[in-house]
Amino acid sequence: LSVSMCFVVLCYTINKNSAAEMECLNDPYYVHNSDPKVTCRWLLFGKDRRQQYCQEDQIQLYCPLSCGVCCEDNPFYFFDTLKKKNVDCAYVKERELIQKLWCGQFMNGQVVRDACPVACDFCHTE
């Protein structure tokens, strides 16, 4: 299965089988069919939503993490704690206490579990 995307002059095709080669990140600016409610983040919080919308190739392309196409921690995400500066998802994954403390917190522009789904045990496979 392939998805073709065209922008003004440039067209390219992404083969679904090559999704593993792409970074597993949701597009934070994606809005489905101009409906501001249907975003990658919105899809994260509802199995029924994912079952309804994630059947569409376009949504899988823009929201691979939300749709369970892949699940990886964002290697570019860092935040500061009271005791440490520039901690990453590996730090969160170290201990369950750290996960409980930080996974639900909004840090550096997003909720930690959204940036660190593996570390926070927040991957969706359905």
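Select C54 and C67 to begin: these two cysteines form a disulfide with sulfur atoms 2.0 Å apart, a disulfide being a pair of cysteine sulfur atoms within 2.5 Å. The link is left-handed, with -75° about the S-S bond. C54 sits in the loop between α2 (47–53) and α3 (57–62) and C67 in the loop between α3 and α4 (89–93), so the bond ties together parts 13 residues apart in sequence. Helices here are DSSP runs (H or I, at least four residues) and strands likewise (E, at least two), numbered from the N terminus. C54 is buried at 6% relative accessible area, and C67 is buried at 11%; buried means under 20% relative accessible area, exposed over 50%, and partly exposed in between (1.4 Å probe, protein chains only).

The model on display is predicted: local features need pLDDT of at least 70, side-chain atom pairs count only at pLDDT 80 or more, and totals for chains, interfaces and linings use all residues. Residues are numbered from 1 along each chain as its sequence is written, and side-chain values use heavy atoms, with hydrogens and water left out.

Next, select C71 and C123, a disulfide whose sulfur atoms are 1.7 Å apart. The torsion about its S-S bond is about -65°, so this link is left-handed. C71 belongs to the loop between α3 and α4 and C123 to the segment after α6 (112–115), and the pair links distant parts of the chain, 52 residues apart. C71 is partly exposed at 25% relative accessible area, and C123 is partly exposed at 34%.

Move to C89 and C116, where the sulfur atoms of the disulfide are 2.0 Å apart. The link is left-handed, with -70° about the S-S bond. C89 lies in helix α4 and C116 in the segment after α6, so the bond ties together parts 27 residues apart in sequence. C89 is buried at 4% relative accessible area, and C116 is buried at 0%.

The structure holds 6 disulfides. With the bonded cysteines numbered in sequence order, the pairing reads 1-6, 2-4, 3-5, 7-12, 8-10, 9-11.

Turn now to the aromatic rings, which form 5 aromatic pairs. Rings of Phe, Tyr and Trp (its six-membered ring) pair if their centres lie within 6.5 Å; planes under 30 degrees apart count as stacked, over 60 as edge-to-face and the rest as tilted. Select F45 and F122: their ring centres are 5.9 Å apart and their planes at 45°, so the pair is tilted. F45 lies in the loop between α1 (40–44) and α2 and F122 in the segment after α6, so the contact ties together parts 77 residues apart in sequence. F45 is partly exposed at 37% relative accessible area, whereas F122 is buried at 17%.

Finally, select Y77, F79 and W102, which form one aromatic cluster. Y77 is buried at 3% relative accessibility, and F79 is buried with a relative accessible area of 3%.
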